[in-house]
Amino acid sequence: MVEFSRGCISDPSTLGFDPEIIFCSRIFWIAPSPNCDVEVPERLSSCYGRLQHYNLIERCISVSAREGTESEIMLIHSMDYVEIVKSTEKMEEEALQKVSAEYDAVYFHPTTYRCAKLAVGATLQLVDAVMSGKTRNGLALVRPPGHHSQRSAANGFCIFNNVAIAAKYAQRKYGLQRILIVDWDVHHGQGIQYAFDDDPSILYFSWHRFEHQKFWPWLSESNYDAVGQGKGRGFTINVPWNQVGMGNSDYLAAFLHVLLPIAFEFDPELVLVSAGYDSGIGDPEGQMKATPECFSHLTHFLMNLAKGKLCAVLEGGYHLRSLSESVCMTLKALFGDPLPPLSGEMMPCLSARESIQNVRAAHKPYWKCLTYEDVTPVQDLSTRSCQAEEAELTQTNVELLSSQEVGKGDVNEVIKTDRFLEMHMKSILSLKPPIKTAAAIDESDTHLLSPTVHIPNGLDVKEFKATISAFDVKNMKEEALSSLLNMLAVLNKIIKKEVINGLAVSSTPSLASAIAVAHCRNLKVQKVLCVFVGDMDMKIELENGKVFLINICAKHSEQVNTKYNISLNWKEDPKINNFFSATFGFILPVAYSYQPNLTIIIVGPNQNLGKNRISLLINLLQGLSNSQILAVIQDTEEKIMQNITNILTGDFITNFGTFAPDLKENMEMVKELREQFQQEWKLLQCSAKNFKDEK
């Protein structure tokens with residue numbers, strides 16, 4: 001056995017804006033079984049090599065790995081089972097094969113017990129580092145994986161259930177009341193589900209290849225109607241994929257329309273990710289099509305929960321290049337690096353929409369965020385007819401087929417995916433600007449900014465002339481004109497990719513937004529998303545979809561909503577600190593469907609969202625347009641400037657507190673907009689009533 005223990009630290013004094021990231025890695029080698037050429041040591045060595053290629057190792061903080069103790073392992077597993085695994089250390093090959101045969105798809109080796117203890121211990125070290133405040137979040141690369149293993153059984157390459165143990169450990173040691181486990185592995189993590197099936201303190205979310213129970217592990221409790229038992233009803237969320245080929249838009253839709261609304265209502269104190277990358281493109285087990293950058297977007301969403309406390313723990317992933325690139329993209333998101341745009345059309349397939357609709361219907365009785373939704377189960381599933389035509393396979397036949405496919409492999413497909421990913425990663429990754437955030441503010445307010453924020457010099461009137469020629473600024477006060485020039489200086493740096501994002505303060509936010517949009521047009525920015533929070537007092541030239549305006553305002557708008565000009569008339573209730581139905585149910589699906597090259601958010605007069613909701617919206621929208629975003633704040637709203645600055649520089653917002661459903665009239669407005677625009681913006685179809693009309 002060759003063994004490496006690696007860990008690295010990002011030093012904030014040298015990296016500037018990067019939040020601390022923990023990379024808790026215990027790379028160990030188990031001699032592969034001749035019966036298994038899938039769960040192999042190269043899974044970790046390839047990830048480590050790719051992390052080195054992107055210079056990510058040196059940006060992480062070091063955490064020493066240790067072995068998990070028997071008492072820690074028995075937080076989930078029985079003593080008898082631990083003793084069985086322990087006994088394999090001294091077994092010869094014949095005895096090992098006999099023990100392995102007692103379980104489903106497990107291969108023991110004399111080093112398995114120690115390696116499994118190291119996987120548990122490394123995971124718990126990561127939890128300790130995050131919960132103690134040593135770091136905000138992190139990633140543990142460990143083998144063997146864990147999410148299939150059960151109280152008294154190894155299962156599906158898994159020996160000890162690393163993430164389930166971590167959840168129990170965090171509850172016992174840190175007194176946590178609410179933990180979210182997100183399992184994006186392509187197989188159902190039944191071991192985690194069984195461990196917490198009746199536990200309302202653990203919210204477990206899993207999407208997985210299901211195919212109407214024709215895919216391993218062939219369990220009825222993997223379906224959407226398995227929602228938990230007893231007090232835990234509603235706290236198990238299963239999204240079954242009934243066909244292969246699910247991609248970026250399908251995964252994004254499941255997060256926006258199922259997981260995130262429920263997760264924000266649950267309000268976890270810690271997020272644990274069973275990070276299985278067999279749900280990525282090219283994987284022989286999953287046969288799905290999600291590209292590596294998809295996982296950076298999923299990670300970015302989850303970082304908005306639990307004050308950013310997130311621990312990702314490796315599970316599956318069997319195409320080495322797809323696995324390693326996806327691991328790197330996850331870690332880059334944890335660093336707060338710019339997110340590449342999601343590739344492909346944002347249009348979930350019909351089968352994905354049906355599954356999402358059924359999950360929403362199954363969970364409506366348990367979650368307030370679904371209270372006003374018109375959701376009923378879809379009985380006539382689009383994949384049923386395909387399944388009915390297939391010959392029924394017995395479990396034995398399926399096992400035989402699976403082992404033959406895994407053993408044979410498809411070398412051509414592996415090579416094809418390798419070549420695709422080589423070109424794809426080059427096309428989506430660009431050099432990170434040396435500065436993250438620039439600001440255009442009054443000198444008296446510079447104390448509100450982080451020292452890492454850059455304050456550029458403003459443009460002079462001559463440079464400004466091409467942009468302002470269409471606007472009446474002759475009688476504008478010098479101070480107001482100067483703030484517009486400074487805003488354009490920041491915008492220039494964003495467009496030229498000298499900074500990632502920026503902040504500006506203006507006494508004329510409507511004019512500032514119109515001028516900013518005109519400047520983008522002059523500099524040939526192809527698509528600009530403009531989100532205006534508050535009352536607008538002038539029109540913005542949209543120019544046939546090159547600009548998409550969303551106005552969130554308290555007063556009723558007389559305009560007729562069109563594809564690229566939409567008003568959300570949002571009624572404020574001082575007792576409700578909530579904007580989730582609009583954010584996840586409409587704004588993000590539409591924004592991701594549009595795929596802008598630049599995002600501008602303006603906080604104008606009479607805004608009624610408040611600093612928490614505005615901060616959340618800005619942070620979530622940073623997932624778009626390579627994270628290039630300009631926030632413009634009215635000068636009377638400077639009280640929220642520090643919050644927004646913290647968001648742009650990589651800090652996180654505080655918890656929202658007790659969840660309450662949105663006002664019914666707000667929900668009805670969101671539903672009406674979803675119905676109106678579901679054909680133009682396809683990501684809305686997962687929560688719109690007539691989504692099945694588009695077969």
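Me: Let's start with Glu 39 and Arg 43: are they buried or exposed?
Reply: Both Glu 39 and Arg 43 are buried. Buried means under 20% relative accessible area, exposed means over 50%, and partly exposed lies in between, with a 1.4 Å probe and protein chains only. Before we go on, this is a predicted model, where local features need pLDDT of at least 70 and side-chain atom pairs count only at pLDDT 80 or more, while totals for chains, interfaces and linings use all residues. Residues are numbered from 1 along each chain as its sequence is written, and side-chain values use heavy atoms, with hydrogens and water left out.

Me: Thanks! What do the side chains of Glu 39 and Arg 43 meet in?
Reply: They form a salt bridge, at 2.6 Å from N to O. The term stands for a side-chain nitrogen of Lys or Arg within 4 Å of a carboxyl oxygen of Asp or Glu.

Me: How many salt bridges are there in the whole structure?
Reply: The search finds 24. Another one is between Lys 671 and Asp 374, at 3.4 Å from N to O.

Me: Why does that pair tie together parts that are apart in sequence?
Reply: Lys 671 sits in helix α22 (residues 664-677) and Asp 374 in the loop between α12 (350-363) and α13 (384-389), so the pair links parts 297 residues apart in sequence. Helices (H or I, at least four residues) and strands (E, at least two) are DSSP runs, numbered from the N terminus. Lys 671 is buried, at 10% relative accessible area, whereas Asp 374 is partly exposed at 40%.

Me: Which residues do salt bridges with shared partners join into one network?
Reply: Those are Arg 50, Arg 321, Glu 325, Glu 422 and Lys 426.

Me: Changing topic: where is Ser 222?
Reply: Ser 222 is in the loop between β5 (202-209) and β6 (236-241). Its relative accessible area is 1%, so Ser 222 is buried.

Me: And what is Ser 222 in contact with?
Reply: Setting aside neighbours within four places in sequence, the contacts of Ser 222 are His 188, His 208, Phe 210, Asn 238 and Pro 240. Contact here means heavy atoms within 4.5 Å.

Me: Last one: what is the mean pLDDT of the protein chain?
Reply: The mean is 87, and 87% of the residues reach 70 or more. pLDDT is the predictor's confidence in each residue, from 0 to 100. Over residues 1-19 pLDDT stays under 50, and over residues 26-32 it is below 50.
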